[in-house]
Amino acid sequence: MPTAEIESIASHAAEFQPRRFLINGHLQTIMGNYLPRISNLPTPGAQLVEVSPATSNQISSQVLCHCHWQPENVRSSRPTAIIVHGLEGSSNSQYVVGNSNKLWRAGCNIVRMNMRNCGGTEALSPTLYHSGFSNDVLAVMNFFIAQQRLRSMSLIGYSMGGNLVLKLAGELGTTAPSELHSVVGVSPALDLGPSADALHRPYNRIYELKFLRALLNRYRRKVALFPHVYDPNLAAGIRSLRELDDRITARYSGFTGADDYYYRAAAARVIDRIAVPTLILHALDDPFVRITDESCSMIEANPNIRLVTTHHGGHCAFLAQPDADAGYDGYWAEHTLLRFLLANA
């Protein structure tokens, strides 16, 4: 993407203004998921990355990454972004593809990372997936830094993926690899407990039921693949995300219950330790992701983090009015994080 085009769009997208008739956070969220996207990405290369080694009684865990590499003679010097999707998303989620197209046009390398079990990879890991597997992102980052001799790496996470990349940045603190230049969380679920509880409120049940249906179907696939590990009866009668996390996630992931899981897996617990340039985008009308006052205070006290809150934007949407003459497609968060990434590359 030429510099002049980036600057033109930057002036357009400096402050978020919602698209006409999409002021409501629910409308933003729903339309953000279902508006068709056009992709001009080249065919990706598929790469499996081991994120947890095999043991004497179970196979290793691998994640599937879809990679778009710039020409080999410039590859290592170009900025590289690892994009991590949200709950029940994949490397093909619309926001992953949208960001990838912009990053590619700007000359970046892109790694579209699937979390464990996502993107049709349930057989590649004996475990479930959850919001605490930040070390999986670290394993992917270290793998590609070594494989491609990359010098400038950025992590981009949406929703649950946002929690993962922010949690990793906090855990690394001042020991982060020198190649890690920036971290971005869009609508990050960094306060897991309050967000899970908000999801269960009556006006958010449509989202919760959608997540539950997908998560329970995935659990049943894991039962079929690993019948000696998972109890199929645990899926019966679950009516909330908190109940699923208490009954299934915690049981099979080493937590004592949902509260223990939400505390230990939340980026909020370590966000004050982040030591690399970090951008957080959060809409105040996000239907279910909540950032507590305590977390906001820790974020604001950390000079390495820039928190941008908007009155509107919904969850992972931020749909602004497009301007075809300026080459602006209206995906405000994608343009905003692209400018941040390039500024810190």
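Contact here means heavy atoms within 4.5 Å. This is a predicted model, where local features need pLDDT of at least 70, side-chain atom pairs count only at pLDDT 80 or more, and totals for chains, interfaces and linings use all residues. Residues are numbered from 1 along each chain as its sequence is written, and side-chain values use heavy atoms, with hydrogens and water left out.

Let's start inside. Leaving aside residues up to four places away in sequence, Val-140 touches Val-49, Val-51, Val-63, Cys-65, Ile-82, Val-111 and Met-113. Val-140 is also among the residues with the most contacts inside the largest nonpolar core, which has 72 residues. A nonpolar core is a set of buried Ala, Val, Leu, Ile, Met, Phe, Trp, Tyr and Cys residues joined through side-chain atoms within 4.5 Å; buried means under 20% relative accessible area, exposed over 50%, and partly exposed in between (1.4 Å probe, protein chains only). There's a second, separate core of 26 residues, including Val-186 and Tyr-328.

Now the helices. H5 (residues 134-148) packs against H6 (residues 160-172) at about 80°, with axes 8 Å apart. The pair is therefore roughly perpendicular, a label for angles of 65 to 115 degrees. On the H5 side, Ser-134, Val-137, Leu-138 and Met-141 make the contact, and the H6 side includes Leu-164 and Lys-167.

| Residue | Phi | Relative accessibility |
|---|---|---|
| Phe-21 | about 70° | 75%, exposed |
| Phe-318 | about 55° | 0%, buried |

Phe-21 sits in the loop between H1 (3-12) and H2 (25-34), while Phe-318 lies in the loop between strand E8 (305-310) and helix H12 (332-343). Helices (H or I, at least four residues) and strands (E, at least two) are DSSP runs, numbered from the N terminus.

How values were computed:
Axes are lines fitted to C-alpha atoms, for helices over the stretch in contact, and angles run from 0 to 180 degrees between N-to-C directions. Angles under 35 degrees count as roughly parallel, over 145 as roughly antiparallel, 65 to 115 as roughly perpendicular and the rest as oblique.
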